Each structure stands twice: as structure tokens, then as C-alpha cells.
Amino acid sequence: MNLLVTGGAGFIGSNFARYWSGAHPGDRVIAYDLLTYAGSRSNLDPATTLVEADVCDAAAAEAALRDHAVDVIVHFAAESHNSLAVLDPARFFRTNVVGTQTMLEAARAVGVERFHHVSTCEVYGDLALDAGPEEAFTETSPYRPRTPYNASKAGADHAVRAYAETYGLPVTITNCSNNYGPYQFPEKVIPLFVAQALDDQPLPLYESVRNRREWLHVLDHCRAIEAVLERGRVGETYHVGSGLERDIEQIADLVLDALGKPASLKTIVPDRPGHDRRYLLDCTKIRDELGWEPQIDFEDGLAGTVAWYAHRRDWWEPLKGRAPVVETNWK
Ligand SMILES: NC(=O)c1ccc[n+]([C@@H]2O[C@H](COP(=O)([O-])OP(=O)(O)OC[C@H]3O[C@@H](n4cnc5c(N)ncnc54)[C@H](O)[C@@H]3O)[C@@H](O)[C@H]2O)c1
């Protein structure tokens, strides 16, 4: 099977490309990535083919599908940083909505066995901090995005469903909770905190320090997409999460403890506008239908991730200067 992995040089896409090549050595993985500030060739194994192109470029997308006889598209490519979306929303609607529609159109023109779209828990808006587990988002919860990033991902999800309903394109969608693991760009909270702590620099915590996220190791996300590609029902959406929630201060404390750094490095900064309080996914469907469940314990996964960044300064240090947003500048 030939898989085209859009966004394959980014955080989750590169982990997925590596995971798939290891688990399915008979398959060919082709990464399709524009190499924006968030994507790097060095995230990929040198043997992986990279098509350096834009998901908004219809001709390039169609050529890549034909040239590589692509059977399956796994669509990760996106602008992914909520903070940047506050400053430059147009870029998010272009890449995430128009880019997704362009890839769908190329898939329709060429014909593929599957178009798998990678989405997020954030399309449902946020939950109150005291909401009970019965309020967790299900696959049929209404979309209520609150930020330009969330809204652009919601628009992409709608485009994917429209192509399935209108043109019969064989699609699947996963909406996943917050990922952590190696190769995450150091603008995102866990690698940012580790990099700052290693250099004895302040860890910027949004002032709503009790806001929390549901954390999933990136390899568990990769295995969930594998389960959906292999056993998922065409046309369906599956939620992917761990149920494990930690707030921003707990994450900072875990990172500081792991590195033996003082709590005094925690520094409160203004919330970014539209800062969602909480998301929580109901993952009964993927667990019951496909038998998927997370395999990586959070404490172990986080310890391994902190150790990875501690040993891979060569990876993150050159990237830090490419981050377009400084989190303290909101007011
Ligand atoms: N990180 C998370 O916690 C998380 C959780 C749920 C869903 N997701 C979704 O997973 C996907 C991947 O997220 P990530 O964290 O790996 O993001 P990332 O920012 O690390 O990677 C995105 C990749 O897309 C590429 N890209 C951006 N614009 C492009 C364009 N116009 N054409 C081609 N390539 C382009 C970038 O170069 C980069 O390699 C996104 O769709 C995101 O919405 C992420």
C-alpha cells in the first residue's frame, strides 16, 4: 500500500510516518509537506520520500497522488498553533479549510481507497471545569469552535463529510485530544516548558492555571489511526483520547520535578484571547468497535518525553528561534 502523509514533516505526521514504516515494512510512506516553520526534513527518516508542496496547490497534490500511485491519504497538514491563529487567522483558514478541500478534490479526481482526516477535540468548543464525565464530547456533539484554529479545523471536518456525502469519497475522521511526545515543535507547552527549564528560563503559565487538557502520547494516536484505517467503518468519525486530564500547573510541576528545577521558574502570563478551559472526549466508540485503547501510561510517557528533549537539544535549539509567537505579549 502507498500512503501519502500530508504534514508528514510535522510533529504527529513524522511520528506516524516512522510508526507506519516500522509496523508495515511492505508499505511505502510518502510525506507531503510544505516545510513551514513547524515542519523539518530532519524529523523524517532519510529513507522517507518527501514531496515538498502546499496542500493548497491543486496541481501538485494531484501530481503527487498519481506519481506515487497513492492508495491512502492520511491528512495531518495544518497550521496547528492556537496562539498564532489569534494573530494570523487567514493563514489558518487557508491551510486548514482550503487546503483540506484541495486535497479532497485531488483525491476525488484521482480516486483513492481512503482519505483519513486528522482532527481535534477542539472543534466542540470548551467544557466547564466542573462538568461531569457525562458531558464529555461524543462523535455527535454539536460543533461550537471558539478560536480561529478550532473554527478552521471544524470547517475542514465539514468539508470532509461533504465530500463523502456528495461524491462518495471513502473518508474517515479522528478527533484527538492533546498529544505529547518527541518531535513536537518547541512552541507547544510540554516541549516549551522542558526547553525553558533546561536553560533555567521562566516557564510561561497562562493565568487560568486550572485550565486543563486531556493528554495522549503521540504513539497511541498513531495506533488509533492505524486501527481506523484497518478496521474502521468508512464514513465514520472516531474520538481518540486517554481520559487523563492534567492542568497547566500540574504539567509545569511534573516537568520541573523531572529535571530537578525549582518551582520559582513558573511565571504567570496573560491568557491568550479565547483560551478554552477544558476539552474531554468520550472514546467509547473506538474502544468498543475497534478495540483500541492507549498503551502508554502518562507518567511514564511524560518522563520519556522530558528525557528525549533533554537529550535532543540538537533538535529543538535551532527551532526555538523559528517560533512566530511569544506567549507573554498578549496585553
Ligand atoms: N498536536 C496535537 O495535540 C493535536 C491534537 C489533535 C489533532 N491534531 C491535528 O493533527 C495534525 C498535526 O498536528 P501537529 O501537532 O503535528 O502539527 P505541526 O504544526 O507539528 O505539523 C504540521 C505540519 O503541516 C505542515 N504544513 C503546514 N501548512 C502546510 C501546507 N500549506 N501545505 C503542506 N504542509 C503544510 C507543516 O510544515 C508541518 O510539518 C493537525 O491537523 C492538527 O490539527 C493535533
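How many residues surround the ligand, and which are the closest? I worked from a predicted model, in which local features need pLDDT of at least 70, side-chain atom pairs count only at pLDDT 80 or more, and totals for chains, interfaces and linings use all residues. Residues are numbered from 1 along each chain as its sequence is written, and side-chain values use heavy atoms, without hydrogens and water.

**Entry 1: ligand shell.** I found 28 residues around the ligand, with Ile 12, Asp 33, Ser 80, Tyr 149 and Lys 153 the closest; a residue is near if one of its heavy atoms lies within 4 Å. I sorted the shell by class into 14 nonpolar, 11 polar (Gly counts here) and 3 charged residues. Helix 1 (11–23), strand 5 (114–120), helix 5 (148–167) and strand 7 (178–180) each give at least two shell residues. Strand 5 has the largest share, 3 residues. Helices (H or I, at least four residues) and strands (E, at least two) are DSSP runs numbered from the N terminus.

**Entry 2: polar atoms.** I looked up N or O pairs within 3.5 Å. A polar side-chain atom of Ser 80 is 2.6 Å from a ligand oxygen atom. A polar backbone atom of Asn 179 lies 2.8 Å from an oxygen atom of the ligand, and one of Leu 34 lies 3.1 Å from a ligand nitrogen atom. Taken alone, the ligand exposes 840 Å², of which the protein buries 96% (Shrake-Rupley method, 1.4 Å probe).

**Entry 3: another site.** I noted that 16 residues line the second largest pocket, with Leu 192, Pro 204, Val 325, Val 326 and Glu 327 nearest its centre. A pocket is an open set of points on a 1 Å grid over the protein atoms alone, where a 1.4 Å probe fits, with protein on both sides within 12 Å along at least five of seven lines; lining residues have an atom within 4 Å of a point. The lining divides into 9 nonpolar, 4 polar and 3 charged residues.

Methods. Polar contact = N/O pair within 3.5 Å; in protein donor to acceptor, adjacent residues only side chain to side chain.
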